[in-house]
Amino acid sequence: MDGTILLADDEATLLRLFSHVLEREGYKTISASTSTEAETLLAERGDEIGALLLDVNLPPEGAEQVLKTVSAQCPGLPVLIVSGRPLEGALATQVELSESQDFLAKPFRPTELLAWVGSLP
């Protein structure tokens with residue numbers, strides 16, 4: 001996988017864990033703790049970003065707003081949506097129909113995260 005992985009989660013402990021796991025394997029990461037920050041990074045550094053790990057409940061706007069930004073600015077960007085609860089409604093349907101979006105339920109093992117990243121072109 002080429003590019004930097006944008007980690008977007010409001011839990012600082014998880015951001016540090018995800019970053020540590022990925023960087024230990026040689027991947028570059030940047031972090032965002034709000035949807036606004038994630039959208040800003042996508043706008044400013046979208047050409048560097050090769051994948052996005054996105055928490056469903058990222059404040060203040062949530063994952064759906066960030067996914068709209070991804071569709072507009074970085075179409076086809078691989079996105080791993082993570083949540084402690086099952087996906088429901090329109091977001092679940094969107095992920096199911098998308099070729100570039102996947103879902104992983106929290107908690108998950110570092111090996112599951114690395115397997116997803118490793119599967120990316």
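Which residues in α2 meet which residues in α3? In this predicted model, Ser-35, Ala-38, Glu-39, Leu-42 and Ala-43 form the α2 side of the contact, and Gln-65, Val-66, Thr-69, Val-70 and Gln-73 form the α3 side. By residue class, the contact of α2 with α3 divides into five nonpolar, four polar and one charged. Two packed helices are described by the angle between their axes and the distance between the axes. For α2 and α3, the axes come within 9 Å. They cross at roughly 10 degrees. Angles under 35 degrees count as roughly parallel, and α2 and α3 are therefore roughly parallel to each other.

Helix α3 spans residues 63–73. Its buried residues are Ala-63, Val-66, Leu-67, Thr-69 and Val-70. These residues lie on the same side of α3, because they cover an arc of only 155 degrees around the axis. The face turned away from this buried side carries the exposed residues Lys-68 and Ala-72. Among the buried residues of α3, Val-66, Thr-69 and Val-70 also take part in the contact with α2.

In soluble globular proteins, nonpolar side chains tend to be buried together. The largest nonpolar core here holds 23 residues. Within this core, Leu-6, Leu-42, Leu-52, Leu-54, Val-66 and Ile-81 touch the most other members. At least two core residues come from each of β1 (4–8), β2 (28–32), α2 (35–45), β3 (49–55), α3, β4 (79–83) and α4 (89–97). Helix α3 supplies the largest share, four residues. A second, separate core comprises 18 residues, including Ile-5, Leu-15, Phe-18 and Leu-22.

Leu-54 illustrates the contacts of a core residue. Residues up to four places away in sequence are not counted in its list. Leu-54 then touches Ala-63, Val-66 and Leu-67, along with Ala-8, Val-79, Leu-80, Ile-81 and Val-82. Two of these partners, Val-66 and Ile-81, are themselves listed with Leu-54 among the core residues that touch the most other members.

Gln-101 lies in strand β5 (residues 101–105). Gln-101 counts as buried because its relative accessibility is 8%, and the cut-off for buried is under 20%. Beyond residues up to four places away in sequence, Gln-101 touches Leu-67, Val-79, Ile-81, Gln-94 and Val-95. Leu-67, Val-79 and Ile-81 are also in the contact list of Leu-54.

The loop between β3 and α3 contains Pro-59 and Pro-60. The peptide bond from Pro-59 to Pro-60 is cis, with omega near -5 degrees. Pro-59 is partly exposed, at a relative accessible area of 31%. Leaving aside neighbours within four places in sequence, Pro-59 is in contact with Asp-10, Ser-33, Thr-34 and Ser-35. Of these, Ser-35 also belongs to the α2 side of the contact with α3. Pro-59 and Arg-45 stand 14 residues apart along the chain, and their C-alpha atoms are separated by 21 Å.

A cis peptide bond also runs from Lys-106 to Pro-107, again with omega near -5 degrees. Pro-107 is placed in the loop between β5 and α5 (110–118).

Helix α1 (residues 12–24) contains His-20. His-20 is partly exposed, with a relative accessible area of 48%. The C-alpha atoms of His-20 and Pro-110 are separated by 9.9 Å, although the two residues are 90 apart along the chain.

Notes:
Residues are numbered from 1 along each chain as its sequence is written. This is a predicted model: local features need pLDDT of at least 70, side-chain atom pairs count only at pLDDT 80 or more; totals for chains, interfaces and linings use all residues. Side-chain values use heavy atoms; hydrogens and water are left out. Buried means under 20% relative accessible area, exposed over 50%, partly exposed in between (1.4 Å probe, protein chains only). The arc is that of the directions from the helix axis to the C-beta atoms. A nonpolar core is a set of buried Ala, Val, Leu, Ile, Met, Phe, Trp, Tyr and Cys residues joined through side-chain atoms within 4.5 Å. Contact means heavy atoms within 4.5 Å. Axes are lines fitted to C-alpha atoms, for helices over the stretch in contact, and angles run from 0 to 180 degrees between N-to-C directions. Angles under 35 degrees count as roughly parallel, over 145 as roughly antiparallel, 65 to 115 as roughly perpendicular and the rest as oblique. Ala, Val, Leu, Ile, Met, Phe, Trp, Tyr, Cys and Pro count as nonpolar, Asp, Glu, Lys and Arg as charged, and the others, Gly among them, as polar.
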